[in-house]
Amino acid sequence: MTRQLTDFLLKGGRLIDPAGGKDGRFDIHICNGRIDAIGTNLEPNGATVIDVKDHIVTPGLIDVHLHLMKGLGAFGVDPDIFGVGSGVTTVVDAGSAGHTLLNVFRNYVTDNAKTRVLNYVNLSTLGGVSGPGYSILADPRLIDEAKIEQAVETNRDIIVGIKIMATGGALGAQGLKPLERARKLGDELKIPLLIHIGESWTKDSEPVAVRDVLKYLRAGDIVTHMFTVHPGGLLDGNGKLWPQVRDAKESGILMDVGHGLHNLNFDVARKVLDQGLHPDGVSTDGHRGNRSGPVYDLPTTMAKLMALGFSLNQVVEMATANAAKLLGRAGQLGTLRVGDSAEISVLKIEDREWQALDSQKGMIPAKQTITPVYAIRGDMIYEPLPVERP
């Protein structure tokens with residue numbers, strides 16, 4: 001159900017806003033789509049009161065990795081399913097469109113969504129048209145720097161970086177040359193690179209070693225699928241972090257979970273976490289193929305990280321303040337400030353034992369669930385779409 005209210009008060013919730021330094025009982029008054037006041041025991045003064053006293057209130061959750069070109073191939077999903085339909089106010093497409101399809105993506109997806117939709121432009125002209133198992137970077141003609149630059153400059157308001165599939169299957173005979181070109185292009189355009197690691201789709205290609213990929217990355221670039229079990233991941237054959245991975249993290253290269261159909265493995269996650277490497281961002285890598293499991297939505301993915309030992313405050317920070325920094329939008333998203341447009345998520349936390357499922361059907365015990373209750377954007381209040389979560 002969707003409601004539009006010009007004047008309403010979220011009453012009695014526990015506000016967790018890591019970027020704003022708040023964790024406690026606060027009321028939030030929204031008037032004409034903007035945050036009018038944040039405080040304790042605010043009077044309604046005629047505003048519609050929404051009782052959230054048993055809920056968690058956060059800045060609008062941000063899912064930094066999905067595939068959202070609805071109708072494209074086997075995976076493109078409507079952004080509002082993983083967005084406001086899942087308690088999330090901002091979603092980010094991870095390279096569905098290369099430069100040739102970016103205007104189509106903008107006109108067809110971004111401009112028609114109730115959720116804010118941002119975008120990584122694919123380094124390959126093909127983007128996600130052919131699917132992840134194809135050699136979309138194997139022909140040097142499939143990278144056109146001039147046209148990518150033009151597309152980025154025309155769409156700076158929604159472009160947050162360049163997506164590269166750093167796999168043997170995608171790179172083919174070109175090897176690491178596309179990474180060289182991406183590095184130069186990212187530097188020229190002053191936008192980060194988002195790098196997919198893990199040979200999860202092609203089994204007959206030589207995996208690309210992560211230590212070689214990291215040579216082309218700089219502070220602010222993002223490695224996604226940090227808990228992948230597939231060849232090309234963060235761990236060596238003995239289950240130890242490659243030394244270059246630790247060096248990369250210390251240099252400011254960011255790490256994202258990127259759950260997905262194939263790339264969250266609890267055994268790998270425990271080994272990585274036990275060696276002191278923690279994610280900067282949490283994301284679903286959501287698409288049509290994993291909505292009904294094992295991913296479900298961002299709140300469920302956050303709950304899985306809690307089952308791995310993270311606190312509620314830590315996962316909220318990953319999905320708000322950290323996500324905004326990762327996207328270069330720390331001044332715009334990820335916190336609640338009086339005068340700003342309302343971007344708010346309301347969640348319900350329940351103590352319940354359940355079995356969290358990873359991408360290889362591995363299970364670990366979990367003790368708390370996170371369920372979306374509302375996604376609020378301006379004067380619109382969205383309730384979640386039905387989905388059978390574990």
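1. Terms first. Buried means under 20% relative accessible area, exposed means over 50%, and partly exposed lies in between (1.4 Å probe, protein chains only). Helices (H or I, at least four residues) and strands (E, at least two) are DSSP runs, numbered from the N terminus.

2. Basis. This is a predicted model, in which local features need pLDDT of at least 70 and side-chain atom pairs count only at pLDDT 80 or more, while totals for chains, interfaces and linings use all residues. Residues are numbered from 1 along each chain as its sequence is written, and side-chain values use heavy atoms, with hydrogens and water left out.

3. Two strands pair if DSSP finds at least two bridges between them.

4. Strand S9. In S9 (residues 116–122), 6 of the 7 residues are buried. S9 pairs in the parallel sense with S8 (residues 88–94) over 5 bridges. Val 91 stands opposite Val 117. The chain passes from S8 through helix H2 (residues 102–108) to S9, a right-handed β-α-β crossover. Right-handed here means that, with the strands pointing away from the viewer, the path from the first strand over the helix to the second runs clockwise. The bridge partner of Thr 90 in S9 is Arg 116. With S10 (residues 159–165), S9 pairs in the parallel sense over 4 bridges. There, Tyr 120 stands opposite Gly 161.

5. Ser 124. This residue sits in the loop between S9 and helix H3 (145–154). Is Ser 124 buried or exposed? Ser 124 counts as buried, at 0% relative accessibility. Leaving aside neighbours within four places in sequence, Ser 124 is in contact (heavy atoms within 4.5 Å) with Gly 98, Ile 136, Leu 137 and Leu 142. Its side chain reaches the backbone oxygen of Ile 136 at 2.7 Å.

6. Helix H8. The buried residues of H8 (residues 266–274) are Phe 266, Val 268, Ala 269, Val 272 and Leu 273. Seen down the axis, they fall within an arc of 155°, so they line one face of the helix. The arc is that of the directions from the helix axis to the C-beta atoms. Exposed Asp 267 and Asp 274 are on the face turned away from the buried side. The buried residues pack against helix H9 (298–307), strand S14 (343–357) and strand S15 (363–377).

7. Ends of H8. At the start, a side-chain oxygen of Asn 265 comes within 3.1 Å of the backbone nitrogen of Asp 267. After H8 comes Gly 276, with a positive phi near 90°.

8. Asn 290. The loop between H8 and H9 holds Asn 290. Asn 290 is buried, with a relative accessible area of 0%. Leaving aside neighbours within four places in sequence, its contacts are Phe 82, Gly 260, Leu 261, Asp 285, Val 295 and Tyr 296.

Notes:
A polar contact is a pair of N or O atoms within 3.5 Å; within protein, one must be able to donate a hydrogen and the other to accept it, and residues adjacent in sequence count only if both atoms are side-chain atoms.
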